[in-house]
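Hello,

Here is the structure I promised to pass on. My notes on it follow below.

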Amino acid sequence: MRFIGIDIGGMSLKGGLVDENGVILYKTSAVTRADAPAEDIVEDIALLIEKVAKNGGVEVAALDGIGIGSPGSIDDAAGTIRYSCNINFVKTPIVDMLRKRLGRQDIFVSNDANCAALGETLFGAGKGAKNSVTVTLGTGVGTGIVVDGRLLTGNKSAGAEGGHAIIKAGGAMCGCGKRGCFEAYASASAFMAQTAKAVQRHPQSLLASMAAQNGIDGKTAFEAARLGDKTAKSVVRAYIRYVGIGLVTFANVFYPEVFIIGGGISKEGDALIKPLQRYVSRNAYGAEFNPPIKVVAATLGNDAGIIGAAALAMRDKV
């Protein structure tokens with residue numbers, strides 16, 4: 001079987017031909033004309049689909065389905081992108097537009113974080129699990145929830161925004177305009193801000209020296225901590241606790257088999273995953289009596305969006 005997955009990003013459109021086992025057979029990309037009229041962006045997507053199919057050796061008409069992952073607020077059932085803050089989509093009926101353009105009906109759309117969660121659960125770090133929560137630690141915090149093998153997206157697909165669960169009432173300001181959101185403490189952006197504050201408070205630390213030499217990114221505090229810097233260790237411990245609080249919150253609501261941690265910070269591996277595993281195991285409600293919850297790093301990397309988007313079209317087919 002052959003499916004196409006399209007991962008819409010603010011900078012690029014990525015597309016791949018994917019088989020029923022989640023293996024990418026061919027992939028390519030195109031520039032996202034984010035400020036162009038929605039009709040032009042959709043045409044670019046249609047052209048990318050045709051290119052992927054052609055170069056992958058299959059006719060568009062012979063595909064087994066097409067899935068689209070897009071940032072923003074998506075109504076999955078209606079096939080509409082309500083709004084995307086970085087791309088010129090406002091109430092854009094992308095599925096109907098592509099159906100008319102490509103002449104086929106089995107086209108589906110969902111939020112990109114949901115797609116990544118589906119891809120990781122079916123074919124990546126969560127393979128074999130039917131219940132998972134994927135948490136992507138990036139510029140923001142994206143979450144995707146899979147229950148009994150299906151995406152849980154809420155009313156009109158407006159749910160699963162775990163990055164905006166409140167973990168500290170009246171806390172730090174979030175980009176959404178509210179205070180105390182998980183994203184305001186656990187995103188890579190928040191971690192970098194926490195690192196910068198520690199540098200200001202401890203200008204004589206190794207962390208401050210490394211920051212002065214190379215700047216601050218999501219790796220700076222972890223690297224300094226590995227070298228034994230006490231200030232960096234404190235920053236990392238605090239950050240892991242923030243992430244852990246969010247995971248325990250989700251554990252107590254969904255009790256998944258596995259938490260899948262994605263985003264650039266997940267590349268820290270055991271330095272992040274092991275303490276998160278301990279935190280969840282110690283603090284999830286009923287953990288001593290219930291089945292264990294695993295915490296793992298995502299494995300599909302930049303391909304998660306393509307594979308997960310393709311997986312939208314695999315439902316009930318594989």
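This is a predicted model: local features need pLDDT of at least 70, side-chain atom pairs count only at pLDDT 80 or more; totals for chains, interfaces and linings use all residues.

**What I found**

Strand E9 (residues 132-137) runs parallel to strand E12 (residues 258-262), and five bridges join them. Both strands sit in an open, five-stranded sheet of mixed pairing, ordered E11-E10-E9-E12-E13. Its edges are strand E11 (150-151) and strand E13 (294-297). Each has a single partner strand, so one side of each is left without a neighbour in the sheet.

A helix covers part of this sheet. Helix H8 (residues 230-254) lies across E9, E12 and strand E10 (141-147). The angle between H8 and E9 is about 155°.

Next, one side chain to look at. Gln-194 is part of helix H5 (residues 188-201). Is Gln-194 buried or exposed? Its relative accessibility is 18%, and buried means under 20%, so Gln-194 counts as buried. Beyond its neighbours within four places in sequence, Gln-194 touches Tyr-185, Val-235, Tyr-239 and Tyr-242.

Last, a helix pair. Helix H1 (residues 38-55) packs against helix H2 (residues 94-102) at about 50°, and their axes are 10 Å apart. H1 is therefore oblique to H2. The crossing is right-handed. H1 contributes residues including Val-42, Ile-45 and Ile-49, while those from H2 include Met-97, Leu-98 and Arg-101. The residues of this contact comprise nine nonpolar and four charged, with no polar ones.

Best wishes

Key: Residues are numbered from 1 along each chain as its sequence is written. Side-chain values use heavy atoms; hydrogens and water are left out. Two strands pair if DSSP finds at least two bridges between them. Helices (H or I, at least four residues) and strands (E, at least two) are DSSP runs, numbered from the N terminus. Contact means heavy atoms within 4.5 Å. Axes are lines fitted to C-alpha atoms, for helices over the stretch in contact, and angles run from 0 to 180 degrees between N-to-C directions. Buried means under 20% relative accessible area, exposed over 50%, partly exposed in between (1.4 Å probe, protein chains only). Angles under 35 degrees count as roughly parallel, over 145 as roughly antiparallel, 65 to 115 as roughly perpendicular and the rest as oblique. A crossing is left-handed if the near helix is turned anticlockwise from the far one by less than a right angle, and right-handed if clockwise. Ala, Val, Leu, Ile, Met, Phe, Trp, Tyr, Cys and Pro count as nonpolar, Asp, Glu, Lys and Arg as charged, and the others, Gly among them, as polar.
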